[in-house]
Amino acid sequence: MLRQGRRISGVRTDNAGVLHCRTLINAAGAWAAELSEMATGRRIPVKPVKGQIVLTERMPRLLNGCLTTSDCYMAQKDNGEILIGSTTEDKGFDVSNTFPEIAGLVQGAVRCVPELQQVNLKRTWAGLRPGSPDELPILGPVAEVEGYLNACGHFRTGILTSAITGVLLDRLVHEETLPLDIAPFLAARFQPEPAAVAVAAC
């Protein structure tokens, strides 16, 4: 991390050398805590949340839109493949597939849509969501550091909230008025409140 006083001025990378910037945006997903520590000296509470997913072979149209149950969600792609997801696991950065979890997704899908019992699985995989303790994103500046903004911790809603996150970060970078109050999303919400000091009467 390159600094000029309190301001982040760039990063030094292994492959691309030195990259200078006016503002560093932490959009590092499940790795955001590490980048935060490098930039600010403090880790924000973002951790990887593993999600395993199943994809079936193509089928005739069965689903319109996304179907959500207590066991899984299902969505059929335009080409007929059906996506079945997704587990929520605290397994660190492990992205391996495990039989009990994949079987649980498949069994839940078949209970809801019995026609899926006849379809073959095409592939399985796992991804990492960037989870925060309150499952809300961490956005905006950090008081102690200039030229640094958070845009991470979106958990399940990263794609859904990408547009408004982009608008907010663009306004912050250009020091323009924000369309909403981001105070509830600042990293400062996770810092402990200062202890109250009792003053004895003389």
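Trainee: Which residue in β7 does Cys 66 stand opposite?

Mentor: Cys 66 stands opposite Ala 75 there. Bear in mind that this is a predicted model. The strands concerned are β6 and β7 (residues 73-76), which pair in the antiparallel sense over 3 bridges.

Trainee: And what is the strand order in the open sheet of 5 strands?

Mentor: The order is β6-β7-β8-β5-β9, and the pairing is antiparallel. At the edges are β6 (66-68) and β9 (121-131), each of which pairs on one side only. From one strand to the next, the twist averages 20°.

Trainee: Which helix packs on the sheet?

Mentor: That is α2, residues 99-112. Helix α2 touches β5 (47-56), β6, β7, β8 (82-85) and β9. The direction of α2 makes about 55° with that of β5.

Trainee: OK, on to the inside. How many residues are in the largest nonpolar core?

Mentor: 13 residues. Those with the most contacts inside this core are Cys 72, Met 74, Ile 82, Ile 84, Ala 109 and Leu 116.

Trainee: Which elements give two or more residues to this core?

Mentor: β8 and α2 do. Helix α2 gives the most, with 3 residues.

Trainee: Take Ile 82. What is it in contact with, leaving aside neighbours within four places in sequence?

Mentor: The contacts of Ile 82 include Val 54, Leu 55 and Thr 56, and also Met 74, Ala 75 and Gln 76. Leu 116 is another one of them.

Trainee: What pairs with β11 in the parallel sense?

Mentor: Strand β4 (residues 24-26), over 3 bridges. In that pairing, Asn 26 stands opposite Asn 150 of β11.

Trainee: And how many bridges join β10 to β11?

Mentor: 5 bridges, with β10 (residues 138-142) and β11 running antiparallel. These two strands form a hairpin with 2 residues between them. Ala 151 in β11 is the bridge partner of Leu 139.

Trainee: Last one. What does UniProt place at residues 4-169?

Mentor: The UniProt record, an unreviewed entry, places the feature "domain: FAD dependent oxidoreductase" there. In the model, residues 4-169 are 19% helix and 36% strand, and the end C-alpha atoms of that span lie 22 Å apart.

Note on methods. Residues are numbered from 1 along each chain as its sequence is written. This is a predicted model: local features need pLDDT of at least 70, side-chain atom pairs count only at pLDDT 80 or more; totals for chains, interfaces and linings use all residues. Side-chain values use heavy atoms; hydrogens and water are left out. Two strands pair if DSSP finds at least two bridges between them. Helices (H or I, at least four residues) and strands (E, at least two) are DSSP runs, numbered from the N terminus. Axes are lines fitted to C-alpha atoms, for helices over the stretch in contact, and angles run from 0 to 180 degrees between N-to-C directions. Contact means heavy atoms within 4.5 Å. UniProt positions are given in the numbering used here, feature names are shortened, and annotations may be inferred rather than shown by experiment. A nonpolar core is a set of buried Ala, Val, Leu, Ile, Met, Phe, Trp, Tyr and Cys residues joined through side-chain atoms within 4.5 Å. Buried means under 20% relative accessible area, exposed over 50%, partly exposed in between (1.4 Å probe, protein chains only).
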